[in-house]
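Hi everyone, thanks for coming. Have a look at the screen, and then we'll walk through it together.

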Amino acid sequence: MTNAQQFETLMRNHQNMVFSTAMRLLANQTDAEDVTQETFLRAYERFDQLRDSPTVSGWLKTVATNLCLNHLSRYRSRWSFFSELLGNGREENEEREVEFAAPESVGDALDQADRRTLVEQALQKLPAAQRVPLVLFHFEDLAYEEIAAKLGVSIGKVKTDIFRGREALRRQLRLRLADEPVETVAST
Amino acid sequence: MNPEYEKQLEAAVRRELKALGELEAPPDIARRVMRILEHRAATPWYRQEWQNWPLAIRGVSLAGLLAAFAYLCIGGSQLVHFAALTPAARQVSGWFSLLDSVWNAANVLVNALALAFQNLGPAVIIGSVVMLVACYATCVSLGTVYWRLACMPLKERQS
């Protein structure tokens, strides 16, 4: 097997994982594809070290995450002027935009695949300020402190954003909590 | 925030997200990466980006650039000591005399404005400041409106 073939095999084995990471952080197909491509181009430069490394998966995930955060911070700085002017009103606005009419029978009638699609959609429609820390917490298993350091914000803000993100998901997906009566859920 | 509620919420969201699994990458992504790598391999090193040059050549080129920079700095500082260059230096400073007169004119203008402000009443000054702030706020509001319109999805704009 040639070097190129080995690398292609590595790519095919990990492309879904890298793409999922990028897609969930960026919520944009084109940007996620670009980040996936760039991640593998960087992997090729270190292929000699990565070839037999047991941590190749973690390395790819870290590189993809960092590329996504760089991409988001570039985008954020481009629009920061207007974002700051809009302040909280914008966040509320974004939150309102993501609310879509979930079918009445969510959770019961939908099969697993539909349910996953619905969750993915709800996640992707969250504002970046809530989605990114939420994804880093639940998918990358980072602690609040690590997320705060990565995003350059306070731990309090990370906790608030994650809470708001979860709340938005709960509303959109009509999640039922452990001790919540069914009637309450139906009425929300 | 109720800690018990937060715990339950976290557990419920975790359950949903953990059940997601991986998204499927576009099938041609590996092919695209391989095509870029093949293109890079076919391009001679000197036509590639500097980061992709061979390590030794990168080191040599960096050292060469640093040496050239140091030579220019030292050489430039030594040039003023050459007597033969004095007329040339005078000629060069002559070219910049135009900038000097522009600077003088700007100075006079600023001084005149400062004098005018000192002689104007506080009401006029406050009025001018308020007008400037109002102009700035108008520009910002218009910019915000345009930005919102530009970012609003097409469907919402049509409705």
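So, at what angle do helix H7 and H8 of chain A pack? At about 105 degrees, with the axes of H7(A) and H8(A) 8 Å apart. Axes here are lines fitted to C-alpha atoms, for helices over the stretch in contact, and angles run from 0 to 180 degrees between N-to-C directions. That makes H7(A) roughly perpendicular to H8(A), a label for 65 to 115 degrees. Helices are DSSP runs (H or I, at least four residues), numbered from the N terminus.

H7(A) brings A:Tyr144, A:Glu145, A:Ile147 and A:Ala148 to this contact, and H8(A) brings A:Ile155, A:Val158 and A:Lys159. "In contact" means C-beta atoms, placed from the backbone, within 7 Å. By class, that's five nonpolar, no polar and two charged residues. Nonpolar is Ala, Val, Leu, Ile, Met, Phe, Trp, Tyr, Cys and Pro; charged is Asp, Glu, Lys and Arg; the others, Gly among them, are polar.

Quick housekeeping: this is a predicted model, where local features need pLDDT of at least 70, side-chain atom pairs count only at 80 or more, and totals for chains, interfaces and linings use all residues. Residues are numbered from 1 along each chain as its sequence is written, with chains lettered from A and ligands numbered from 1 in the order written.

Now the two chains: 31 residues from chain A meet 27 residues from chain B. On the chain A side, H1(A) gives the largest share, ten residues. That side divides into 18 nonpolar, six polar and seven charged.

And confidence? The complex gets an ipTM of 0.71 and a pTM of 0.63 from the predictor.

Technical notes. Helices (H or I, at least four residues) and strands (E, at least two) are DSSP runs, numbered from the N terminus. Angles under 35 degrees count as roughly parallel, over 145 as roughly antiparallel, 65 to 115 as roughly perpendicular and the rest as oblique.
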